[in-house]
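Please look over the sequence and the three-dimensional structure shown here before reading the notes that follow.

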Amino acid sequence: MVQVLESARPSRRAYPVKIPRTMSDLLQKVAQTRDVEAFRKLFELYGPRVKAYMMRQGADATTAEDLAQETLLTVWRKAGLYSDEKGSATTWIFTIARNLRIDRLRREVSWQPLPENRDEEASDGPDPEEEVTARERRDKVRAVLATLPPDQSEVVTLSYVEGLSHSEIAERLSLPLGTVKSRMRLAYQKVKEAVEDIR
Amino acid sequence: MKITHHLDDSTLMACAAGSQPEAMAAVVSSHLAVCPHCREELKKHSLIGEALFESLSPVPVTREAPVVAARSGELGSHPQGDVTHELPASLKSALAGAMDQVPWRRIAPGVWHCPIQLSEDALGDLRLLKVAAGTKLPEHGHGGNELTLVLEGSYSDEFGTFRRGDVADLGDDVEHRPVADPVEGCVCLVATDQKVRFKGLVARLMQPLTGI
């Protein structure tokens, strides 16, 4: 059975569901002053999440822990390439974890570089208004995901969290490939509308 | 470069999720390198990944944070001006050189290919395809997902004209009859998500031409 976005819904677990905004600040500190204490805090927060992610992607606990270590080491090494104009700290760290998983768990080339030098239109420093928008955007995305019809949230979870390709999802759910893709499109359209609404 | 044919939302979603077969990822990243529109869309897809990642229930780790030395690593440097707007470095290295040195092999009259090596366990198929000016390919469908990125020249089919940078993102329910540009011909990068499917395509390409 697929766990359908179990944790996308607001829950009252012992763990914090939201990652505080200070994460970008921590990452900036790591980048700019090589702050070891800030790095340790990043590890405390992201290590367990990366481990959880790797396990959902099919890694055993030991491998998942190794990959969490390696992900955060990469964060340390490449922190200089991060800037908060280029997306949130979470997105950046998720991208590193995702690429590492492709490399190690699937033994394939990821082809997706880190978002380092792609932003032609980067702004001058963080804009407070932009920060509010970013938070609002994250809340919206979470809210939309929580209200997706089960058939749509199922394919989204299988793609992002379990790492299955279109055809693997089609096989897993015994659906035609076209159905899997159209459910993804529908789910994305809702997220996109909600996000574009903010502007 | 004016790009008019883009990636499907479901393809960008799989890209953001990192759940694409390697061959497809190669074409997607090559298109993204030249297409600001799809890069913007991908950012929105990444928001979904971020939300789902954040909402995973953490699994306690048993080891401490890795030991880092305060002065190691790449300190605060932002590489600037590297937006090359052409093929990504990974594809260039896979090609092992320039486009004019591709070791083409002829597979049918007016049609050449050059398979690109994927990782050992990778599903799917990635290859360059060169079609001589004005050559018509027979009508064919696709057994699964197929991505075609135009690198040089252009081709036209029922869906329009695909020029340099355009990508045709076709599902398994599509049939088309492409014709290469009458003057320049067409060079493209083609990925299918399963190996056997490309062989099937080649066989179909060959059929009317060789009479097999």
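Is the crossing of H2(A) and H3(A) left-handed or right-handed? The crossing of H2(A) and H3(A) is right-handed, a crossing being left-handed if the near helix is turned anticlockwise from the far one by less than a right angle, and right-handed if clockwise. This is a predicted model, in which local features need pLDDT of at least 70 and side-chain atom pairs count only at pLDDT 80 or more, while totals for chains, interfaces and linings use all residues. Residues are numbered from 1 along each chain as its sequence is written, and chains are lettered from A and ligands numbered from 1 in the order in which they are written.

**Chain A as a whole**

- Chain A has eight helices and zero strands, where helices (H or I, at least four residues) and strands (E, at least two) are DSSP runs numbered from the N terminus.
- Of the 199 residues of chain A, 45% count as buried; a residue is buried if 20 or more other C-beta atoms lie within 10 Å of its own, exposed if 12 or fewer, and partly exposed in between, with C-beta atoms placed from the backbone.

**The packing of H2(A) and H3(A)**

- Helix H2 (residues 36-56) of chain A packs against helix H3 (residues 61-78) of chain A at an angle of about 140 degrees, with their axes 8 Å apart; axes are lines fitted to C-alpha atoms, for helices over the stretch in contact, and angles run from 0 to 180 degrees between N-to-C directions.
- H2(A) and H3(A) are therefore oblique to each other, since angles under 35 degrees count as roughly parallel, over 145 as roughly antiparallel, 65 to 115 as roughly perpendicular and the rest as oblique.
- Among the residues that make the contact are Phe39(A) and Tyr46(A) of H2(A), and Leu67(A) and Trp76(A) of H3(A), two residues being in contact if their C-beta atoms, placed from the backbone, lie within 7 Å.

**Two residues with positive phi**

- Most residues other than glycine have a negative phi.
- Arg34(A), although not a glycine, has a positive phi of about 50 degrees, and this residue lies in the loop between helix H1 (22-33) and H2 of chain A.
- Arg34(A) is buried, with 20 other C-beta atoms within 10 Å.
- Ser174(A) also has a positive phi, near 50 degrees, and sits in the loop between helix H7 (166-173) and helix H8 (177-198) of chain A.
- Ser174(A) is exposed, with 6 other C-beta atoms within 10 Å.
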